[in-house]
Amino acid sequence: AFDEIFYLQMGVLRQKIDWKSVEARHFPVSDEWLEARLKSLPFTLTNAQQNALKDIRADLDSGRPMNRLLQGDVGSGKTVVAALAAGIITANGAQVAIMAPTSILAEQHYRNFMRLLTGENGILQVNEIRLLVGDIPEPEKDVIRTGLADGSIKIVIGTHAIIEEPVVFQDLQLAVIDEQHRFGVEQRAALRTKGTNPHLLVMTATPIPRSLALTLYGDLDLSVIDEMPAGRIPVNTYVLR
């Protein structure tokens, strides 16, 4: 058992070194820009969300590809942190892909991103964020693929359809993967090849003890959102035998 865990650790740490050995583009934003974004939100971020955002902001301006796991219970506010990360990338003129395991979850993210990033104080136009899932009519898919290829679409949200062959990005620089345990390493790698050393943010609502997360996902840096926004109903977790 020790040997198995030891070799697993060696493997994930080697992956981490490989990931960090390449250069990535810097994506800086000013404090004023971020402050304006936070003020435009209809709520105040929790301390845990602000800390996660700080980690991500530092990663995006580090010159090395971000490879971060964002962990937090359902309702803890991971999506808004991911949306702000996407905002930093698009403010610098590049593209973002958000991959969710189901169409329903992808649609939910699409609505949230539209609410958070477009509108009066938004940084994107409505047609710059698009949803790409299996049941979208083929002509509309063609329009989306063209928009991704020519750079007029800044954020695409979808299922694994977004890593399938005909989809080409002009400049993919951030990939966000939700419920990351539902995707294999190869699917993550396929998404990564769609850009040049893009930053990677993976999210999970599955509560994993830090020690176990570091063993299973030793190639990922870890940010934990461990407090709920005010007024949220507490989540109860049960062990059933």
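Which residue of β6 does N67 stand opposite? The points below take up this strand pairing and then a helix contact.

1. The model is predicted, with local features requiring pLDDT of at least 70 and side-chain atom pairs counting only at pLDDT 80 or more, while totals for chains, interfaces and linings use all residues. Residues are numbered from 1 along each chain as its sequence is written, and side-chain values use heavy atoms, with hydrogens and water left out.

2. N67 stands opposite L200 in β6. Strands here are DSSP runs of E with at least two residues, and helices are runs of H or I with at least four, numbered from the N terminus; two strands pair if DSSP finds at least two bridges between them. β1 pairs with β6 (residues 199-204) in the parallel sense over five bridges, and five bridges also join β1 to the parallel β7 (residues 221-225), where S223 is the bridge partner of L70.

3. Six of the six residues of β1 (residues 67-72) are buried, so the strand is largely enclosed by the rest of the structure; buried means under 20% relative accessible area, with a 1.4 Å probe and protein chains only. N67, L69 and Q71 point one way, and R68, L70 and G72 the other.

4. Helix α2 (residues 31-40) packs against helix α4 (residues 78-91) at an angle of about 135°, with the axes 12 Å apart; axes are lines fitted to C-alpha atoms over the stretch in contact, and angles run from 0 to 180 degrees between N-to-C directions. In α2, W33, R37 and L38 meet L84, G87, I88 and A91 of α4, contact meaning heavy atoms within 4.5 Å.

Key:
Buried means under 20% relative accessible area, exposed over 50%, partly exposed in between (1.4 Å probe, protein chains only).
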